[in-house]
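Keep it short and give the cut-offs.

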Amino acid sequence: MLDGDRVRRTGLWVFQGTMDKASPQAETGDILIRTAEPGDLAELSRIENAAFAGDRISRRSFRRFLESPRARLLVATGPDGLVGYALLLLRQATALARLYSLAVDPACRGQGLGAKLLEASEVAAFDSDRIVLRLEVRADNEAAIALYQRSGYRMLGRVEAYYEDGCAALRMEKLLHGPVLGTGNAPYYSQTTEFTCGPACALMAARHFDRSVPAEPLTELTLWREATTIYLASGHGGCGPFGLANALARRGLSVEVRLFPDELLFLNSVRNPEKRKVLTLVQEGYRSEAAQLGVARSENPLEATALATEISAGTLAIVLISGYRMFGQKVPHWVLVHDADDRHLIIHDPWLERERHESPADAANLPIPFAEFDRMARWGRSAVRAQILIRKDA
């Protein structure tokens with residue numbers, strides 16, 4: 001399994017992750033970084049044998065990576081031939097990439113080639129519609145750790161005895177923002193509880209149209225009280241599309257709910273009959289209130305390209321996604337779509353991993369490729385698609 005093997009490598013220039021096949025060639029001074037070709041196999045093996053004392057990638061494995069649709073192999077070439085490579089693996093059915101290995105010819109170290117290959121790997125992963133690049137690095141590899149930290153990678157965790165010699169591995173990742181993209185006008189606000197992603201998105205949308213709306217926890221929790229479904233599988237209730245839409249409609253905004261299948265949400269996660277009864281009554285009540293408030297309703301959620309057209313015309317959208325594709329957890333999660341370009345929807349994700357010291361710079365203005373957005377904007381076995389379109393009446 002290309003994307004499931006634990007790489008046990010030793011050596012300074014080792015990095016693990018993924019990358020895209022269609023990445024363009026990039027010139028950096030006298031160094032050209034390009035996609036590897038079958039004719040590079042001999043030089044790849046030479047660099048591998050020179051860079052690592054053990055656990056080497058064989059020539060046969062390099063050939064297999066070259067042929068795999070889920071592997072991207074980049075090489076750095078100079079006036080005298082190949083001087084390094086980076087190997088990316090694209091995890092299937094996710095927006096994640098993994099930097100599997102990076103090596104520089106020992107004779108060419110100290111010239112910044114590792115940083116150039118790392119940057120090229122990020123571009124290739126982003127061009128492959130991946131938005132997160134992950135890697136493992138030896139805990140005693142201070143030079144590599146410093147490079148990753150300078151490049152914006154954050155610590156995910158530590159795995160003891162990961163390498164053959166017993167050394168621990170540090171897991172790191174980076175959100176790939178790509179080139180400078182649109183930032184929209186919606187102010188960013190991070191949720192202050194685990195259960196208020198929807199209200200945090202509603203607060204950002206309300207402030208987009210009316211900056212007098214306070215960006216504070218009391219407003220966030222007031223919106224939650226107005227929109228909560230009461231119960232989820234455990235803990236506090238989440239918010240459904242009609243509850244959120246009603247809260248925004250009561251604040252003078254023009255709101256439309258697009259939901260398919262058009263059915264009550266989250267019932268499958270509540271096994272207690274009494275709780276299911278309450279949840280059903282609450283959601284039916286929200287639907288009845290939505291009709292009274294003039295909330296429009298459709299069973300046809302927009303695909304990403306059509307949603308981009310709406311966003312470019314001044315609409316905002318709160319969209320339900322599966323948290324698995326964003327951060328590896330199978331939970332329903334609301335995000336705010338507030339800008340678009342010709343390839344991406346730009347979102348604010350209200351969730352910050354505070355224990356990992358994330359800041360709004362990590363979660364605001366995330367560019368999500370159209371195809372990836374269409375994959376992630378579905379929840380559960382029935383692939384529920386829920387969108388709340390928000391406009392300001394003229």
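## Helix packing

H1 and H2 cross in a right-handed sense. A crossing is right-handed if the near helix is turned clockwise from the far one by less than a right angle, and left-handed if anticlockwise. Helix H1 covers residues 41–51 and packs on H2 at an angle of about 125 degrees, the axes lying 10 Å apart. That makes H1 oblique to H2. Angles under 35 degrees count as roughly parallel, over 145 as roughly antiparallel, 65 to 115 as roughly perpendicular, and the rest as oblique.

H6 and H7 also pack, at about 125 degrees and with axes 8 Å apart. H6 is thus oblique to H7. H6 passes H7 in a right-handed crossing. Axes are lines fitted to C-alpha atoms, for helices over the stretch in contact, and angles run from 0 to 180 degrees between N-to-C directions. Helices (H or I, at least four residues) and strands (E, at least two) are DSSP runs, numbered from the N terminus.

## Basis of the model

This is a predicted model, in which local features need pLDDT of at least 70 and side-chain atom pairs count only at pLDDT 80 or more, while totals for chains, interfaces and linings use all residues. Residues are numbered from 1 along each chain as its sequence is written, and side-chain values use heavy atoms, with hydrogens and water left out.

## Aromatic contacts

The structure holds 4 aromatic pairs. One of them joins Phe 62 and Tyr 85, with ring centres 5.4 Å apart and planes at 85 degrees, so the pair is edge-to-face. Rings of Phe, Tyr and Trp (its six-membered ring) pair if their centres lie within 6.5 Å; planes under 30 degrees apart count as stacked, over 60 as edge-to-face and the rest as tilted. Phe 62 sits in helix H2 (residues 59–67) and Tyr 85 in strand S4 (residues 81–90), so the contact ties together parts that are 23 residues apart in sequence.

Phe 62 is buried, at 0% relative accessibility. Tyr 85 is buried too, with a relative accessible area of 0%. Buried means under 20% relative accessible area, exposed over 50%, partly exposed in between (1.4 Å probe, protein chains only). Elsewhere, Arg 64 lies over the face of Phe 65, 5.4 Å from the ring centre. The rule asks for NZ of Lys or CZ of Arg within 6 Å of the ring centre and within 35 degrees of the ring normal.

## Salt bridges

The count comes to 22 salt bridges. Each needs a side-chain nitrogen of Lys or Arg within 4 Å of a carboxyl oxygen of Asp or Glu. Glu 226 pairs with Arg 250, their closest N and O atoms being 2.8 Å apart. Glu 226 is in helix H6 (residues 217–227), and Arg 250 is in the loop between helix H7 (241–249) and strand S9 (254–260), 24 residues apart. Arg 250 is partly exposed, at 35% relative accessibility. A network of salt bridges links Glu 226, Arg 250, Arg 251 and Glu 289.

Glu 256 and Arg 391 form a salt bridge at 3.5 Å, N to O. This pair joins strand S9 to strand S15 (residues 385–391), 135 residues apart. Glu 256 is buried at 12%, whereas Arg 391 is partly exposed at 24%.

Glu 372 and Arg 375 meet at 3.2 Å, N to O. Both lie in helix H12 (residues 370–376), 3 residues apart, about one turn of the helix. Glu 372 is buried at 0%. Arg 375 is partly exposed at 41%.
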